[in-house]
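Have a look at the model first, then read on.

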Amino acid sequence: MYGGNCCHNNNSHIGGVNLEISRNWRLRNQRYRLVGTECGCGHRSFPPRRICPTCRENPQNPVQFSGTGTVYSYSTLYEAPEGFEQFIPYTVALIDLDEGPMISAQLTDVDPEDVAIGMRVEMVTRKLKEQGESGLIVYGYKFRPIVGCYP
Amino acid sequence: MLTEIVLGDDMKPNQHTGIVGYGVYIPRYRISGCEIARVWGQDAGSVPVQEKSVPGPDEDAITIGIEAAQNALKRAQVPPEKIAAVWAGSESKPYAVKPSSSIIAEAIGATPHVEAADWEFACKAGTEAMQACFALVGSGMGLYALALGIDTAQGRPADPLEYTAAAGGAAFLIGKGEESLAVLEASHSYASDTPDFFRRESNRYPVHGSRFTGEPAYFHHVVQAASELMEDIGRTPEDYQYVVFHQPNTKFPLTAAKILKFPPEKVKPGLIAPYIGNTYSGCSVLGLAATLDIASPGDRILCVSYGSGAGSDAFSFIVTDLIEERRMRAPHVSVYIERRKAVDYAVYLKYTKALVMR
């Protein structure tokens, strides 16, 4: 597995180069648009994989997931890691995407007491964190209760 | 082959263009005018809007733009790689140097063969981008161009602007006339150096000229742009089923309508400031979207923006048969207005990053 939406807090610098910038840049397709991979055998993966976990075939083709799914399980955080303090309390969830893979993500636009297993959710692109007042703003997927089209 | 070029005061591309798709986004949170008045000991009976939208802690002009753009593409059903330009108008860019438009373009899948740029003209940055999109598509340089008006508006605490400065935005995919749900009949832009509202580099909040923002600024530019457009193309208020004005509060657009002799019922479908406040660059374009949500084929809509500094863009649109099917493909403005959670002043401060965390 490579990628995902987790934001580590190690603002790694090697030789004066901020590795966070390049790492976040490499992940932009999966974070902004939920781009994973699909194997010839039909297995779909998120985050994207180089080798199919089912048939061990390579290569994998990129596929954009629809972004709709169902809450499988969840937990609410009241003590946040560095960089996430402004969001507490917030809920992270395991989400069964309609196309197959299960992913972990933060929920948004929903109060913790209103989250339930089986709740239908959709992907939105939001701020994941800010690297301080002068650093990068990291955007990526979160999930919220589905918003309908009509009043 | 180019059609006949007609040169006049009105601005009209020499190929038919229009709105192929539109989409909006309004954050979920609201703070009431009464709650703000309570904190500052003001009269709750004279607040300029009932409540205003508040961005959530993970929202900014870019995230607002991404969802609005995605909704515009849902309505248009145009492959994002066919978009020639993504032009984002805002006065609350998350980065001082780094385009919002390239992040939005990346998120909707329009990169890399796309022109991306940010536009600024206070509250009319969104319609300024629309004007450029009409010109780009009308000239044949691109098949489609996306214009956005997006903001998380700033207002100094205890200032009258704090009651209205809100968050939201709209995106309009501009394309050829025959593919459009609303065809551009003509437009007219009007600008002058009128310093009614401004924000200097590195300052967090804007400065405004209080009553000066009314007569020589808002009303002069809005009325001039609207009346000169109608005169240019031989239209009168009776020809329009709807009119949309920039809405910094509830009173200004209704007064502008009265000056131009439009009855209030033609303004009210697009008058959303009482419920979500003034979304700055998103303001008039959200009103236009709310009007498209209920308009019928054949209806004519006049939309007039206003940006401090100062200027107005006026557009005359004719709604086509394509509106009926396309407006059902993405959330209506009223869906986002009704999706609301009231917050108190303390939570409002937390969400707008007014609290120092370290």
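## The sheet

Two strands count as paired if DSSP finds at least two bridges between them. Helices (H or I, at least four residues) and strands (E, at least two) are DSSP runs, numbered from the N terminus. This is a predicted model, where local features need pLDDT of at least 70, side-chain atom pairs count only at pLDDT 80 or more, and totals for chains, interfaces and linings use all residues. Residues are numbered from 1 along each chain as its sequence is written, chains are lettered from A and ligands numbered from 1 in the order in which they are written, and side-chain values use heavy atoms, leaving out hydrogens and water.

In chain B, strand β4 (residues 83-89) runs parallel to strand β6 (residues 144-152), and 6 bridges join them. One pair to look up: B:Ala88 has B:Leu148 in β6(B) as its bridge partner.

Both strands sit in an open, mixed sheet of 9 strands, ordered β5-β4-β6-β7-β1-β8-β13-β12-β11 (chain B). At the edges, pairing on one side only, are β5 (115-119) and β11 (242-245) of chain B.

## A helix pair

Now for α5 (residues 214-233) and α6 (residues 251-260) of chain B: they pack at about 45 degrees, with axes 10 Å apart. Axes are lines fitted to C-alpha atoms, for helices over the stretch in contact, and angles run from 0 to 180 degrees between N-to-C directions. Contact here means heavy atoms within 4.5 Å. Among the residues making it are B:Tyr218 and B:Phe219 of α5(B), plus B:Phe252 and B:Ile259 of α6(B).

## A helix across the sheet

Helix α3 (residues 100-108) of chain B lies across β4, β5 and β6 of chain B, at about 130 degrees to β4(B).
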